[in-house]
Amino acid sequence: MRRMRSEVITVQTGSRPTVRDITAEAERFVSGQGDGLLHVFVPHATAGLAVIETGSGSDDDLLRAIDDLLPADDRWRHRHGSPGHGRDHVLPAFVPPYATLPVVDGRLALGTWQSICLVDTNGDNPGRKVRFSFLPG
């Protein structure tokens with residue numbers, strides 16, 4: 001019986017809200033692994049994962065939607081960090097810190113325009129850990 005394989009990578013997200021495509025890193029991790037499931041997890045209280053189209057403005061649209069829904073202002077009770085940081089702690093309720101994706105014959109079974117993206121609105125923490133776990137079928 002094959003066992004789950006897991007690896008942690010570090011992703012630099014910078015000091016501004018960002019949507020960072022990590023599909024290439026995920027594809028490298030599952031390459032040659034056969035069929036199974038890839039679980040992606042961000043062990044941070046202020047970041048999430050989205051499966052979306054990138055490069056056509058959708059990433060900027062997502063950040064704008066987050067700003068509309070969760071403004072970076074002084075309304076938040078959670079107040080440490082930079083102004084509006086409390087919204088960063090609410091983000092994972094809307095953009096979850098995990099995603100599970102099918103892997104077929106060692107390749108991610110994503111749709112034509114889908115990418116796995118790390119969503120990070122917290123400029124106070126410019127580096128993020130992402131755990132990839134592959135469970136063979």
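Reader: Which residue lies over the face of Phe 29, and at what distance from the ring centre?

Author: A charge counts as sitting over a ring if NZ of Lys or CZ of Arg is within 6 Å of the ring centre and within 35 degrees of the ring normal. Here the residue is Arg 5, at 4.0 Å from the ring centre of Phe 29. Before we go on: this is a predicted model, where local features need pLDDT of at least 70 and side-chain atom pairs count only at pLDDT 80 or more, while totals for chains, interfaces and linings use all residues. Residues are numbered from 1 along each chain as its sequence is written, and side-chain values use heavy atoms, with hydrogens and water left out.

Reader: How many aromatic pairs turn up in a search of the whole structure?

Author: One. The rings of Phe, Tyr and Trp (its six-membered ring) pair if their centres lie within 6.5 Å; planes under 30 degrees apart count as stacked, over 60 as edge-to-face and the rest as tilted.

Reader: On to sheets. What is the strand order in the three-stranded open sheet?

Author: Strands of a sheet pair through backbone hydrogen bonds, either parallel or antiparallel. Helices (H or I, at least four residues) and strands (E, at least two) are DSSP runs, numbered from the N terminus, and two strands pair if DSSP finds at least two bridges between them. In this sheet the order is 2-7-4, with antiparallel pairing. Strand 2 (18-21) and strand 4 (47-52) are the edges, each pairing on one side only. On average, neighbouring strands of this sheet are turned by 30° against each other, direction ignored; the axes are lines fitted to C-alpha atoms, for helices over the stretch in contact, and angles run from 0 to 180 degrees between N-to-C directions.

Reader: How many bridges join strand 4 to strand 7?

Author: Six, and the two strands run antiparallel, with strand 7 covering residues 115-120.

Reader: Where is Asp 105 found?

Author: In the loop between strand 5 and strand 6. Most residues other than glycine have a negative phi, and most peptide bonds are trans. Asp 105 has a phi near 55°, a positive value in a residue other than glycine. Asp 105 is also exposed, with a relative accessible area of 63%; the scale is buried under 20% relative accessible area, exposed over 50%, and partly exposed in between (1.4 Å probe, protein chains only).

Reader: How many salt bridges does a search of the whole structure find?

Author: Side chains of opposite charge can pair when their charged atoms come close. The cut-off is a side-chain nitrogen of Lys or Arg within 4 Å of a carboxyl oxygen of Asp or Glu. The search finds six. One of them joins Glu 25 and Arg 20 at 3.3 Å, N to O. Glu 25 counts as buried at 18% relative accessibility, while Arg 20 counts as partly exposed at 28%. Arg 20 is in strand 2, and its C-alpha atom is separated by 8.5 Å from that of Asp 59, 39 residues apart along the chain.

Reader: Which residue forms a salt bridge with Asp 61?

Author: Arg 64, with the closest N and O atoms 2.8 Å apart. Both lie in helix 2 (residues 58-69), three residues apart, about one turn of the helix. Asp 61 is partly exposed at 43% relative accessibility, and Arg 64 is partly exposed at 47%.

Reader: What about Arg 87: which residue does it form a salt bridge with?

Author: Asp 67, and the closest N and O atoms are 2.8 Å apart. This pair links distant parts of the chain: Arg 87 is in helix 3 (residues 86-90) and Asp 67 in helix 2, 20 residues apart. Arg 87 is buried, with a relative accessible area of 4%, whereas Asp 67 is partly exposed at 37%. Salt bridges that share partners join Asp 67, Arg 87 and Asp 88 into one network.

Reader: Last one: is Thr 46 buried or exposed?

Author: Buried, at 5% relative accessibility. Thr 46 lies in the loop between strand 3 (36-41) and strand 4. Its side chain is joined to that of Arg 128 by a polar contact of 2.8 Å. Such a contact is a pair of N or O atoms within 3.5 Å; within protein, one must be able to donate a hydrogen and the other to accept it, and residues adjacent in sequence count only if both atoms are side-chain atoms.
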